[in-house]
Amino acid sequence: TLADRLTTQKDEASMRQRLRMLAVRQTTAQLQNEKLAAKWHVPAVIAIAIAEQEGLKNEIHSVMETLQKLSASSLPSAKVFAAAVASGNSARISESVDKAASETALKNYAVAIPEQGQVIAALQLMIQQLNSSRTMEERVREMANKMKELAGSQSQLATSTSQSNVGSRVAITKSQQQFSTELTLLQAEIQQMNQNAGAQAATTRQDLLAVDKLLESSHAVLDKIEQKTGLVQQQTKAADNIGVIGDLLQEQANALAKANSTGSGTGAQDPALTKIQEATKKIMDAKT
């Protein structure tokens, strides 16, 4: 039973992360199609766009199969996985991703774009279902860790930008846009958890979009010392602000943990959770 519980927790966490990354990739692919639909035709870019959407199609079908297997298992969270599958099916995720891939391959970008948007919406619905069985403290703490991870990555990108040259602009632009997209997709979830953190996320998102615009509009931004310095300062500021979001959420998670501990008492704790804690302590003692 303990092994099943721990496996389920791992499966839920890894599946949420997998769905989030698919949503980020699908949003990036949709933005690429919007550029292609505006007659921005570069053969190499078209080939990449087609391959990426085909890859997304295969991975989303794989995710749905995995969720279906988990929902049919004897795991305690099987119902949660089943609800995620139902949400994906009701939002016609499989049909939408299939059409997005076929229309992108045919270079019908304007037709593919709304289907890509439907895939993004379906993925977000599925993430919500996987979150439904978790306590607010668990959700807030996970998001706090996610923001700290994102802040660290953004800070590293600022360092890379400061050491780069004009030939690195495309790679830096791609990485920067991924951070912007990820924060955009998480903003609504953050807002539901913590209004102050949500407001900070909205402001930081605008800052990141400004950085994206600067990287895309100026081909010489990394070749001119003043522009490059300004860009790095903007990236560093964004990293700091994402860190602030993480701190706000961490404080909230700690407050929720304290309130739960004070309000419920030891007698009200989930017996299964108590067993997991006891088993974990035994494992750590044995390891020592």
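**Exercise 1. Describe the overall build of the protein, beginning with the share of its contacts that comes from residues 24 or more positions apart.**

Step 1. Among the contacts in the protein with a separation of 6 or more, 79% are accounted for by residues 24 or more positions apart, where contact means heavy atoms within 4.5 Å. The model is predicted, so that local features need pLDDT of at least 70 and side-chain atom pairs count only at pLDDT 80 or more, while totals for chains, interfaces and linings use all residues. Residues are numbered from 1 along each chain as its sequence is written, and side-chain values use heavy atoms, with hydrogens and water left out.

Step 2. The protein has 10 helices and zero strands, and these terms refer to DSSP runs numbered from the N terminus (H or I of at least four residues for helices, E of at least two for strands). Along the sequence the pattern therefore reads α-α-α-α-α-α-α-α-α-α.

Step 3. Taken along the principal axes, the C-alpha atoms fill a box of roughly 65 × 45 × 35 Å. Of the 288 residues, 41% count as buried, a class defined by under 20% relative accessible area, with exposed over 50% and partly exposed in between (1.4 Å probe, protein chains only).

**Exercise 2. Characterise the largest pocket by its volume, its lining elements and the classes of its lining residues.**

Step 1. The volume of the largest pocket is about 1100 Å³. On a 1 Å grid over the protein atoms alone, a pocket is an open set of points where a 1.4 Å probe fits, with protein on both sides within 12 Å along at least five of seven lines, and lining residues have an atom within 4 Å of a point; grid points are joined across faces, edges and corners, and the volume is the space filled by probe spheres set on the points.

Step 2. The lining of the largest pocket comprises 31 residues, of which Thr28, Gln32, Lys35, Gln177 and Glu216 are the closest to its centre. The elements that give two or more residues to this lining are α1 (2–37), α2 (43–71), α7 (169–193) and α8 (195–217), and the largest share, 10 residues, comes from α1.

Step 3. Sorted by class, the lining has 11 nonpolar, 10 polar and 10 charged residues, given that Ala, Val, Leu, Ile, Met, Phe, Trp, Tyr, Cys and Pro count as nonpolar, Asp, Glu, Lys and Arg as charged, and the others, Gly among them, as polar.

**Exercise 3. Work out the surroundings of Thr104 and Ala101 in helix α4.**

Step 1. Thr104 lies in α4 (residues 93–105) and counts as buried because its relative accessibility is 0%. The side chain of Thr104 reaches the backbone oxygen of Ala100 at 2.7 Å.

Step 2. When neighbours within four places in sequence are left aside, Thr104 is in contact with Asn33, Ala49, Ile50, Gln53, Tyr109, Ala112 and Gln116.

Step 3. Ala101 also has its place in helix α4 and is buried, with a relative accessible area of 4%. Not counting residues up to four places away in sequence, Ala101 touches Gln53, Glu54 and Lys57, while the C-alpha atoms of Ala101 and Gly55, 46 residues apart along the chain, are separated by 8.7 Å.

Terms used: A polar contact is a pair of N or O atoms within 3.5 Å; within protein, one must be able to donate a hydrogen and the other to accept it, and residues adjacent in sequence count only if both atoms are side-chain atoms.
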